[in-house]
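Colleague: I am new to this one. Can we go through it in short questions and answers?

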Amino acid sequence: MKSSRAMKRVGVTLILLGVMAVVIYTLCTTLEVGPDYQSKYYATWVSLLPPIFAILLALATKEVYFSLFIGAVMGALLYANFDAEYAFTTMLFGTTADGDAAGLIPKIADSWNAGILVFLVLLGILVALMNKAGGSAAFGRWASAHIKTRIGAQLATIALGIMIFVDDYFNCLTVGSVMRPVTDGHKVSRAKLAYLIDATAAPICIIAPISSWAAAVTSSVPDDAEINGFQVFLKTIPYNFYAILTIIMMIYITVRRVDYGPMKRHEYNAMKGDLFTNGKVEGAEEPEPNPKGHVLDLILPVVVLIGGCIMGMVYTGGFFEGESFIDAFANADASVGLVYGAFIALIFTFFYYMYRDVITFKDFAACIPRGFIAMVAPILILALAWTLSGMTNLLGANVFVADLVGGSAAALQAFLPVVVFLVALGLAFATGTSWGTFGILIPIVLGVFSSGEMMVISISACLAGAVCGDHCSPISDTTIMASAGAQSNHVNHVSTQLPYALTVAAVSAVTYIVAGFAKSAWIALPVGIALMIGTLITIEIFTGREPLEVKTSSEETVNEEEV
């Protein structure tokens, strides 16, 4: 106890000394800021320090908000060359030279980001309504009668995640709200649920032709490229080894009951009755189930939400103005389309529930603030993560990585796919954005290979690496949404998912080396699948399989040594 207090005092003292040093430095220097201002750390390796430090701090302290905030402050100070006043202004109101949002206020005010925040709130309200009407509880009762095992509950989660391929945000929150009662009933840990949600979000969307991710990839291919962006996306699907191997891994570890790393402890604790291991997260309490609830009270709103989001996306892409469905999806504004779909679903749900007489108008009104409150934590994490990403961009981390790849590409040729994969992984991990990563790297790849099979393989490697980095990163939007959907502690989700994601990443990297030489998906993909299964069999031999259940006379959870 005393040592803990002493450590806290030391930490506070170091922070105060750091603040005093920055203030003294600011008072002793004069920073000239003009239209051509640039940090002396711009496009250097130092530009990657803020996100890396934030990630390591989050894993060490388990405090996500504080870690993201410190990372953003660190980035702002580096950009301002340690001038405290300019750093403070930049962090709150900063923009890039092109006028893009970088600081906290511009990031929140950005139309795309604001649309995502509104979508989250609307989805939170919908989930609160479904719970209040008893739809979630009714589905849980139905699932309990039809899904008899822990394996069945996890496979059902995977199947639903694959079916909801339109958008990763939508996937995370919808699958989480629908499957939580089912997985809880079969004692599947919230960390495992969060992993299954996350692994069927971005990895599925990146190989689904009709998704917001397909639209983002299509728009990242320059208009003057020799091949249509959507055609490029279709060709990359069989080479997207990370996405395909992630699906194989999910199914294998579920059917064979193989878990390793921190996840194994979480699963044992869940089988003993503790779904969270470190206690419940905020917003995890569910209201009393409504006895009038029916399975359709959950299914119909979700179906309308899916249909509404699809129609909203193609509407923004010009489908009703004569564009084909594919072109409309390729040109869609996912942020706006998701808001349209959520509003349509909310209006339908209101009238449907009132007609069914499962809620009153007062209940409906009460669910609005309840849904908003449930989304406060992910909204706060997203806002801080966006700010950290903005500071990283101001420091030129993307330029540093682009120059690194571009300078070495000509000499690597057959190894370029694996290099692109690893660079994309690192950039997405550090910045927390997949779309920004392949937006940066795809033009570089096209500069090296303007056409042909190597162009397709390298772009696939870029997309796979971006998704992998996004999957691993604690500051990734999708990772945050998966934690919110499962109502799992965010650091628990990151720490339990990381060994799984890195296992698939290692096999994918080897497979991209094979693809660089073979230049054929018919050769590389079977090799990758065989390597993945062989790796999982080896892990199973060393870690063993989980029991079907853990019988215990107490509610005590197990620790890592017992596992």
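Modeller: One term before we start: buried means under 20% relative accessible area, exposed over 50%, and partly exposed in between. Keep in mind that this is a predicted model.

Colleague: Is phenylalanine 350 buried or exposed?
Modeller: The cut-off for buried is under 20% relative accessible area. Phenylalanine 350 has a relative accessible area of 17%, so the residue counts as buried.

Colleague: And phenylalanine 361, buried or exposed?
Modeller: Exposed takes over 50%. Phenylalanine 361 has a relative accessible area of 54%, so the label is exposed.

Colleague: Which kind of pair do the rings of phenylalanine 350 and phenylalanine 361 form?
Modeller: First, another pair for reference: the rings of tyrosine 260 and tyrosine 500 have centres 4.7 Å apart and planes at 45 degrees, so that pair is tilted. For phenylalanine 350 and phenylalanine 361, the centres are 6.2 Å apart. Their planes stand at 80 degrees, and planes over 60 degrees apart get another label. The pair is therefore edge-to-face.

Colleague: Which helices hold phenylalanine 350 and phenylalanine 361?
Modeller: The two residues are 11 residues apart. Phenylalanine 350 is in helix α18, and phenylalanine 361 is in helix α19.

Colleague: How many aromatic pairs are there in the whole structure?
Modeller: Ring centres must lie within 6.5 Å to pair. A search of the whole structure on that basis gives 17 aromatic pairs.

Colleague: Are tyrosine 260 and tyrosine 500 buried or exposed?
Modeller: Buried needs under 20% relative accessible area. Both tyrosine 260 and tyrosine 500 are buried.

Colleague: Which residues form one aromatic cluster?
Modeller: Rings pair if their centres lie within 6.5 Å. One aromatic cluster is formed by Tyr239, Phe241, Phe421 and Tyr512.

Colleague: Where is phenylalanine 82, and what is its phi?
Modeller: Most residues other than glycine have a negative phi. Phenylalanine 82 sits in the loop between α3 and α4, and is partly exposed at 30% relative accessible area. Its phi is positive, about 70 degrees.

Colleague: What is phi of aspartate 357?
Modeller: Aspartate 357 has its place in the loop between α18 and α19. With 46% relative accessibility, aspartate 357 is partly exposed. Its phi is positive too, near 60 degrees.

Colleague: Which helices do the buried residues of α7 pack against?
Modeller: Helix α7 covers residues 135–146 and reaches 16 Å from its first C-alpha to its last, close to the 16 Å expected. Its buried residues include Gly135, Phe139 and Ala143. The buried residues of α7 pack against α6, α9 and α16.

Colleague: How far apart are the C-alpha atoms of valine 73 and alanine 84?
Modeller: Valine 73 is in helix α3, and is partly exposed at 26%. Along the chain, valine 73 and alanine 84 are 11 residues apart. Their C-alpha atoms are separated by 9.7 Å.

Colleague: And the whole protein: how many helices and strands?
Modeller: Buried residues make up 55% of the 563 residues. The secondary structure comes to 27 helices and zero strands.

Definitions and conventions:
Residues are numbered from 1 along each chain as its sequence is written. This is a predicted model: local features need pLDDT of at least 70, side-chain atom pairs count only at pLDDT 80 or more; totals for chains, interfaces and linings use all residues. Side-chain values use heavy atoms; hydrogens and water are left out. Helices (H or I, at least four residues) and strands (E, at least two) are DSSP runs, numbered from the N terminus. The expected span of a helix is 1.5 Å times one less than its number of residues. Buried means under 20% relative accessible area, exposed over 50%, partly exposed in between (1.4 Å probe, protein chains only). Contact means heavy atoms within 4.5 Å. Rings of Phe, Tyr and Trp (its six-membered ring) pair if their centres lie within 6.5 Å; planes under 30 degrees apart count as stacked, over 60 as edge-to-face and the rest as tilted.
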